[in-house]
Amino acid sequence: MAATKIIDAPRNGHEMAPLNTRARGDGTHGVTIVLTAPQRNSVQSVDIPGGDPERAAWSGKMQFFLSIIGYSVGLGNIWRFPYLCQQNGGGAFLIPFMIMLILEGIPLFLIELGMGQRMRLGALGVWNTIHPWLGGIGISSCIVTLFVALYYNVIITWVFFYLFNSFRYPLPWSSCPTNGTGFVLEECAKSSETTYFWYRTTLDAAPSMDEPGGLKWWIVLCLMLSWTIVFFIVMKGIQSSGKVVYFTSLFPYIVLTIFFIRGITLRGAGAGLMHMYTPKVEKLLEPTVWLDAATQVFYSFGLAFGSLIAFGSYNTPKNNCVRDVLLVSVCNAVTAIYASVVIFAILGFKATMNVDRCVASNTEILVKHSFLENKNATTLEYEHAMDRLNDTEKTLFQLSECTLSKELDNAAEGTGLAFIVFTQAIVELPGAPFWAVLFFTMLLSLGLGSQIGILEGMLCTLFDIDIIKRVKKQHVTGVVCLFCFTVGFIFCTGAGEYWLKMFDSFAGTIGLVVVALMEMIAVIFIYGHERFTEDIYQMTGYRPGLYWQLTWRYIGPAIMVCILASSVVFMVIRNPTYGAWNAELGVVEQKEYPSWVMGIALSMILAGVLPMPIVFLMRSFQCLKVDLDIHQGSIRRNETTASTKEMIDNDDDDDDDENDFSGPALGGHVKTQSDGDFSDDDEEDKPMTMRMMMMRPTTTSNVLNVPTSRKQNYSKKDAYDV
């Protein structure tokens, strides 16, 4: 058997690879070991800093930038961010959001994008390379990404349903349906036209999660359509999805600009903007506000999903990732505020129209009871008549409180912000179907852009596993989409919106923060902030300074720990609730989650967190039989673990230094060569997998003690025969 030489790799304390033995001819076995000097901690020592040399790459800088913008700027900026502003103190929410953006989002953004570009691996490969014990971080991010992908596509499903109905004139949510006798349905009369269309026509909402009802066939068909489109977009990776981003990234900005020009010209737009920017500072005392801000930053940037690592891995080694991070961060923050201005301007218009209708209704009642002379009374006369009545009389005459602040406070109702409130505002606009088609096409492009990035990150993580690597990407993508579509049936029942809110509250919040915290700890404290700083400098020519060091090492981890602790305590004190539709009253009622649903929620949180300690324990105790499949990705990419000491000599001492590569801890290969074992047509690298190592016969008569100190200097030709 030909002797094999493995070039030196820095050790991380995970020694699994056995030494190669060969017969001497005298009945004994021996090992020849070559101890080489550690490689330089610089990407300039290699042409490709790690990963697969044949890895897919962006066709140009614009494609990468639009892809990452399309992924980062999604429904979170249109649907989630204004909703969180509404629920968490209006303009006051901008304070924790900007703080989390500067202290959490941007530093972690650079960590993910930089590590992906440095090592050219997916999430699983990156964390395995830093240290095999950290492989669970990649698995956790993949699981959390799966949970988010499940319900994120359901929003796209609802958008499809509304988009199809937007081509009807008049819009189906512009008026209440009538029964056989010509009277308006009571459920619609007690709520509103848009509310009825959302809860009854679209969702056919169940009274609670305990009574979900059957599957709604129209939602099932739209869900199948959305997953089919997503499959065809991502089935070939960035070769196919990279072409779609030119539409999904640019079209929403065109629509937002059109809505902005139209919105600021509407009556009441100024009141809506004032409501948005007027802060309710007392909300900042609630820890859930800070958790929502941190989570929104993760959603806005797509942090902790593994997608940014995947996007970075397709970049060239010398790409200026720091500039990309700053540009995308500014673009993301500006887009969120810009979209909120558009949303609240139109919500102000909607609230003004509702106040006018309310005043007209009250005026009729006042005229009927002789408190006003006619319906054409001035505003001053109306207010004077209302002031003369006490609360008892107002209740007796069924007079409503018509205030702009009340209408704006009730503007956001979860997912109803886009599907109830904004649709009502669209009805008031001239040419309503045109604006409806424009709005839901924008939501569709935003949702698809983010969903593409989410799936790309998850699939890139899966392809770090050797077994899956051998399967065509189209087949793996098809299986993943089919699985998600099947599980998505739970969102197609009458309780579908309740399940989506539960997933949004538990699956994508605490798990994301924990994964992000572990990522920062892994890179800064295990991989080393000095080494990462040097990597950034070698790739970009810019050396991260005091701001980056403080946020990476101290501020970022401390903030996330405080958020996690306070949020868990806050959840225990206040039982989580969801809004259930009461058809008899025509209102949304808050109900506590059933105990079995909370069990599922807890299971999802644990599923997103437990892989990290499980992989740590399995690898620290070397549970090889259990760890085999998980470890394949790391072994397949790096030939051996990052800790394996320089060993196994080739008898040919004429090899030059040109065969040296950076070790896996630096993002490079551990180069393997043999004397005549492989022809030129064979693979260049033949990895020593865990299965081969377990099946290989061992020699108990030889015991080799390899020095464990990293700091010892060894000459390259100092060989010891044992």
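Two residues are in contact when they have heavy atoms within 4.5 Å. This is a predicted model: local features need pLDDT of at least 70, side-chain atom pairs count only at pLDDT 80 or more, and totals for chains, interfaces and linings use all residues. Residues are numbered from 1 along each chain as its sequence is written, and side-chain values use heavy atoms, with hydrogens and water left out.

**The whole chain**
- The protein chain has 27 helices and eight strands. Helices (H or I, at least four residues) and strands (E, at least two) are DSSP runs, numbered from the N terminus.
- Of its 722 residues, 57% count as buried. Buried means under 20% relative accessible area, exposed over 50%, and partly exposed in between (1.4 Å probe, protein chains only).
- Take the contacts between residues at least 6 apart in sequence: 82% of them join residues at least 24 apart.

**Ser140**
- Ser140 lies in helix H5 (residues 135-165).
- Why does Ser140 count as buried? Because its relative accessibility is 0%.
- Leaving aside neighbours within four places in sequence, Ser140 touches Val515, Gly608, Val609, Pro611 and Met612.
- A polar atom of the Ser140 side chain lies 3.1 Å from the backbone oxygen of Gly608.

- Helix H7 (residues 193-202) is mostly covered, with eight of its 10 residues buried. Among them are Tyr196, Phe197, Trp198 and Arg200.
- Just after H7, Asp204 takes a positive phi of about 50°.
- Helix H8 (residues 217-234) has 18 residues. From first C-alpha to last it reaches 26 Å, close to the 26 Å expected at 1.5 Å a residue. The expected span is 1.5 Å times one less than the number of residues.
- The buried residues of H8 include Trp218, Cys222, Ser226, Trp227 and Val230.

**The largest pocket**
- The largest pocket has a volume of about 1200 Å³. Of its 33 lining residues, Tyr83, Gln87, Asp292, Ser505 and Thr577 are the closest to its centre.
- On a 1 Å grid over the protein atoms alone, a pocket is an open set of points with protein on both sides within 12 Å along at least five of seven lines; lining residues have an atom within 4 Å of a point. The volume is the space filled by probe spheres set on the points.
- Several elements each supply at least two lining residues, including helix H2 (75-87), helix H11 (287-301) and strand E5 (577-582).
- By class, the lining has 13 nonpolar, 12 polar and eight charged residues. Ala, Val, Leu, Ile, Met, Phe, Trp, Tyr, Cys and Pro count as nonpolar, Asp, Glu, Lys and Arg as charged, and the others as polar.

Technical notes:
A polar contact is a pair of N or O atoms within 3.5 Å; within protein, one must be able to donate a hydrogen and the other to accept it, and residues adjacent in sequence count only if both atoms are side-chain atoms. On a 1 Å grid over the protein atoms alone, a cavity is a set of points where a 1.4 Å probe fits but cannot get out, and a pocket is an open set with protein on both sides within 12 Å along at least five of seven lines; lining residues have an atom within 4 Å of a point.
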